Every structure is written in structure tokens, then in C-alpha cells.
Amino acid sequence: MTVAAHVDARNLPAFQQASSSTHLAQIVNDPYRMVKRHSSIVNLILHVPRMKLYALQKLPANWDDAGSARPDPLAISNAFNWLERVYDQVVAAQFEWLAPSVSASEKGEIVFEWWRGDRKLTVYCGADNAEFIQVWGVHIQNEMEDGQLEASGIVNLWKWLSA
Amino acid sequence: MIFADKVEDEEVLYRSVSVGCFVMSDGVLRLTSTAFNDPTRRPSVDRAKLCGANPASTRKRLTDGVVSLAALSVREIANVVQNDKHGQPVLPYYQVDVIPDPVKDHAELPDNPAHGLIVACPDIDNDRVFKRLKESLARIAETDGWLLEPSLANLS
């Protein structure tokens, strides 16, 4: 490499055997320590809903005896992404995380549901989209709202659920 | 189609809830909206008075739970609205109803004189409207309560 030709070896820091076995090599100095810790906490918290998503992959058609389609593998894949996205945004906004119910619709979409008091948030994940329904009563017109789920709208939905 | 029979407002309806359609949340056994999944958008129910008021007869499997709904509560799900692509309401509004649909001599299903259907008139041809209907049905059923709780060993 031509770049190497311009490197003056005399200016490089001297290698010290000691540095790899002293405090610099301790776990507390690992620059990725917090990242790893955060990652392991996220994995722990999302473990159960992820396991439920994996379990949906094994369901056959008519799994609910109501004639529902087999959960769509692409929708499951999309749901994995949305689950993490929702979690990240909820935690970043310093709201309390609630584990969702995980199920599937008659069309094979993946359905996440969260309850808080009288309020309920449902998210449907299809192969390439996601929709939400906010529910606060039985009246279909006056006590529900729905729309396309956008990453930018997650915090507002969660704020509504938590209010 | 003409139905000689009619589901009265005061009738109790049973719905079987299979594994995967309920969850324990904050110590409460919750019914998910998927408990009313139906590819034809006409969820099945059984009429209590025609199955000996025995909710166990509605179970499809021994592990299933059974919830109840009053026919009147279902009919009161009024103003089911369908929006156009711009989010504007499109007339007509839907009327939700419960109709008899006895099963007899079906190729795959056992005879069931108590069978009924929750339908909308006109038929719902919009996924988002049906999703709202399922939310409403789940909420009504949860209010009326579980007649038979599902096997918690199968809790989703």
C-alpha cells in the first residue's frame, strides 16, 4: 500500500506488553461495554415476544379453528423489526415498556396488542407495512382511530397509551 | 335468503376462544382481537338457548375458552363506517347483526342447530373496518366475561 510508505514508524506509539495485561485491558475499559450491556438487556426484555414470534412460524393454516391463514413468514420478519423499533423508541422517550400480546390475523398478519387501563393499542404487521388501531371503547366510529404505523409516530401512540 | 328463525336481542351468544387468542396481562385474562378472526368477515357464534345453555358444547378443543356476548350488544355496534382513500366517510353506514346459520349435512362440519353468524349489512369489504369490528367484539366479550376459562397451560 502506498499509504504505508508515508507512515513514519518513529511516530507510532510504542507497543507495551504491559498495556494488554494491566487495567487498560480490564472489562471496565472496554469501549463497547455499555453497548453490550444495553444489547443484552434488550435481548432479555424482548426475549418472550420474540419467542412468540418464532412460535408463530410453526402454526399451520386454520391454527385457530376459525379458518385463518398460516402466519405469513414475511410478516413475521417485518414484525421482528417493528417490535425492536417500537421498543427502542419507547425506551428512548423514557416511557415504561409493556410486553405485547403476540398473535396473528385471519390473513396471516402479525398482531401486537398492548393494554393500559381502558386504552388499547393494536399493531398489525403485514409483509411490507404496519397499521395501528387505538381503542378506548366499543364504538367503532367514535372510540377508535387507525392508520399506517410510521416510525415517527410511535412515541405519540405510546404517549396516548400511557396517559 | 330468508331466515324463518331470528336471533332475539336478549339472546346470549357463545364464542370459542382458541390457544393464541388470549393473554394474561396485569393479572387479567385478556381476550385478544384475534379471537374473532374470520376469513369471511362473518364471525361464528353459538346461540346459548339452542345448545342447552352449555358453553362447553361450543368449545372446538378441550383447551379452548368460551366467552359470551349479548345479541343486543352486538347490534348496538352502530355506525360502522368505511372511509375512502382520503379518509372521508363513505356511505352507507354498516348495521351489525346476528343471524341464525344452522349447520346441517355439511361436508366437513358437524351438525350444529345453534350456529349463528355476526354479520354486517352491507358486507364489510374493507380490512380496516373488520379490524375495528373485531376490537369491538373482543371488548364486549371481555366485559361479559369468560364462561369457561381456557387452559392456562396454553397461555400465549
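Analyst: In this model, 24 residues of chain A are in contact with 26 residues of chain B, two residues being in contact if their C-beta atoms, placed from the backbone, lie within 7 Å. Five strands of chain A, namely E1 (101-104), E2 (110-116), E3 (119-125), E4 (130-135) and E5 (144-148), each supply at least two residues of the side that touches chain B. Strands (E, at least two residues) and helices (H or I, at least four) are DSSP runs, numbered from the N terminus. By residue class, that side of chain A divides into 11 nonpolar, seven polar and six charged; Ala, Val, Leu, Ile, Met, Phe, Trp, Tyr, Cys and Pro count as nonpolar, Asp, Glu, Lys and Arg as charged, and the others, Gly among them, as polar.

The model is predicted, with local features needing pLDDT of at least 70 and side-chain atom pairs pLDDT 80 or more, while totals for chains, interfaces and linings use all residues. Residues are numbered from 1 along each chain as its sequence is written, and chains are lettered from A and ligands numbered from 1 in the order in which they are written.

As for confidence, the predictor gives the complex an ipTM of 0.86 and a pTM of 0.83. Chain B has a mean pLDDT of 88, with 87% of its residues at 70 or more; pLDDT is the predictor's confidence in each residue, from 0 to 100.
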